[in-house]
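Let's take a walk through this protein, starting from the inside. Have the structure open and follow along.

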Amino acid sequence: MSIIIPTYNRSGIIQRTLDSVYAQNYQNWECIVVDDGSTDNTACILETYKKEDSRFSYLNRPNSRPKGASACRNHGLYEAKGRYVIFLDSDDVLLNTCLENRIFKIQENQGNDFWVFPMFVKNRNDNKVAVEIPIIDNYLIEFLSCRILWQTMCTIWDINFIKKINGFNELYPRLNDPEVHIRAMIESKDNFLVLSNMVPDSIYMIDTNADKNILAKKYATSLDLFIPDIIKKLNENGLKNESRYLRKYLSNYLLNFHSYNSHKNNLSVLKVFRENNVISFSVYVKIITQYYLVLIFSRCLKNSTKKIERLVEL
């Protein structure tokens, strides 16, 4: 079992993640931490873990790979020696029964490309809530519809499969989770298992301190790449009709991010959805019109934003 953790200046919190790996009841694991160029004392912390337990290793992202968590994950993936792989963020936590329970379920359900387990979500106030994964017929449509039912650490991958699909897309600053899972579900052709009835075995930390302006810019940049990439993948696999579900990503962007972004980025996002026929020309014109009304009548921003978001449903 290989556990891969990208990190960047997280010396104040990564110990909790590493301690949760160390505390696993299942012992046959390696933990690869890939640093994205930290300037804090992350290296010193990892050296301590390496000295105490040789199952921990610490790598630096090669300069040949772009900066970002996905490049770090991919670098760790091609250094990994395990048959199965879990990707953690540097603030995720595994419950101590996580690995043994996952291995047990894999042994009961062998031959899949990946397996998905429920998680807890915790905010900075330490309120922990179990996130139910509903039992549905088509998880691909859920992810295409911007309903992300699980996060990175919920999935355990067969290493040969995740390598076959070339790991994570390293160019995306956001949307890494939906992109890799959409691509994996298309390539796997339903040869994966979602264990909805399991007790959550990991904890995902919600970052409530993120800068919305930075997030909005990254989200816009990612959508410009994500939409044509996913459209191409759907078309190549005879799933052209499913592209209509992607309009939910535009709805999410307009509702949550457009007011934090530049006009140039907002118009670029609208353009990519129109050019890839995710929205019709008439809807595009209506959104553009409403968008400029928002700019003109800023006092009505809230109501106008809701109207823009509703237009995407047409």
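## The nonpolar core

The largest nonpolar core has 88 residues, and those touching the most other members are Ile-3, Trp-150, Leu-223, Phe-226, Leu-246 and Phe-273. A nonpolar core here is a set of buried Ala, Val, Leu, Ile, Met, Phe, Trp, Tyr and Cys residues joined through side-chain atoms within 4.5 Å, and buried means under 20% relative accessible area (1.4 Å probe, protein chains only). Helix α8 (residues 212-236) gives this core its largest share, 10 residues. Helices are DSSP runs of H or I with at least four residues, strands are runs of E with at least two, and both are numbered from the N terminus.

This is a predicted model: local features need pLDDT of at least 70 and side-chain atom pairs count only at pLDDT 80 or more, while totals for chains, interfaces and linings use all residues. Residues are numbered from 1 along each chain as its sequence is written, and side-chain values use heavy atoms, leaving out hydrogens and water.

## Two helices side by side

Now look at α9 (residues 247-256) and α10 (residues 263-275): their axes, lines fitted to C-alpha atoms over the stretch in contact, come within 10 Å and cross at roughly 165 degrees, on a scale from 0 to 180 degrees between N-to-C directions. Because angles over 145 degrees count as roughly antiparallel, α9 is roughly antiparallel to α10.

Among the contacts (heavy atoms within 4.5 Å), Tyr-249 and Tyr-253 belong to the α9 group that meets α10 residues including Val-269 and Phe-273. Leu-223 touches these four too, along with Leu-175, Pro-228 and Val-272, not counting residues up to four places away in sequence.

Note on methods. Buried means under 20% relative accessible area, exposed over 50%, partly exposed in between (1.4 Å probe, protein chains only). Angles under 35 degrees count as roughly parallel, over 145 as roughly antiparallel, 65 to 115 as roughly perpendicular and the rest as oblique.
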